[in-house]
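Open the model in your viewer and get ready to select residues.

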Amino acid sequence: MTSVKRLLREYRTLDEIRERKDELLDELRQDSTKMSTMWNQVFLKREENSKGDYIASLVSNGVMAFDAFLLIRKLMKGYGYLFGKSKKKKR
């Protein structure tokens with residue numbers, strides 16, 4: 001990580017401190033409004049999908065599930081001993 005260097009200000013009067021305080025308050029308010037809009041966008045209700053989109057997502061999820069099943073089967077066949085499955089020897 002890179003370190004962030006901040007410039008240290010020297011304050012000589014109370015007015016300078018008050019001005020800096022007002023600047024920081026404005027920055028905090030801007031950040032607060034930005035965060036609240038981002039937070040509200042997270043929970044926006046999504047628009048309804050059509051039946052075609054619904055079927056396409058079902059097919060896509062089905063293909064992913066089948067692919068995951070085949071991957072797990074292949075891994076268990078090759079590396080089953082890692083999962084406690086021992087290969088039985090034929091006599």
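**Salt bridges**

Three salt bridges are counted here, a salt bridge being a side-chain nitrogen of Lys or Arg within 4 Å of a carboxyl oxygen of Asp or Glu. Side chains of opposite charge can pair when their charged atoms come close. This is a predicted model: local features need pLDDT of at least 70, side-chain atom pairs count only at pLDDT 80 or more, and totals for chains, interfaces and linings use all residues. Residues are numbered from 1 along each chain as its sequence is written, and side-chain values use heavy atoms, with hydrogens and water left out.

Select Arg12 and Glu10. Their closest N and O atoms are 3.5 Å apart. Arg12 is exposed at 69% relative accessible area, and Glu10 is exposed at 60%. Buried means under 20% relative accessible area, exposed over 50%, and partly exposed in between (1.4 Å probe, protein chains only).

Next, select Asp15 and Arg18. This salt bridge has its closest N and O atoms 3.4 Å apart. Both residues lie in helix α1, three residues apart, about one turn of the helix. Asp15 is partly exposed at 48%. Arg18 is partly exposed, with 48% relative accessibility.

Now pick Arg20 and Glu23. Here the closest N and O atoms are 3.3 Å apart. This pair also sits in helix α1, three residues apart. Arg20 is partly exposed at 22%, and Glu23 is partly exposed at 36%.

**The whole chain**

Zoom out. How many helices and strands does the chain have? It has two helices and zero strands. Helices (H or I, at least four residues) and strands (E, at least two) are DSSP runs, numbered from the N terminus. Buried residues make up 1% of the 91 residues. The chain exposes about 10,200 Å², and carbon and sulfur atoms supply 59% of that. Accessible areas come from the Shrake-Rupley method with a 1.4 Å probe; for residues, only the protein chains shown count as cover.

**Two patches**

Patches are made of residues with over 30% relative accessible area and no salt bridge: like charges are joined within 9 Å, nonpolar side chains (Val, Leu, Ile, Met, Phe, Trp, Tyr) within 5 Å.

Select Glu16, Glu19, Asp22, Asp26, Glu27 and Asp31. They form a negative surface patch. Asp22 belongs to helix α1 (residues 14-42) and is partly exposed at 44%.

Finish with Leu71, Leu75, Tyr79, Tyr81, Leu82 and Phe83. This is a nonpolar surface patch, with about 690 Å² of accessible area together. Leu71 lies in helix α2 (residues 51-79).

Note on methods: Lys, Arg positive; Asp, Glu negative; His and termini not counted. Charge placed at Lys NZ, Arg CZ, Asp CG, Glu CD.
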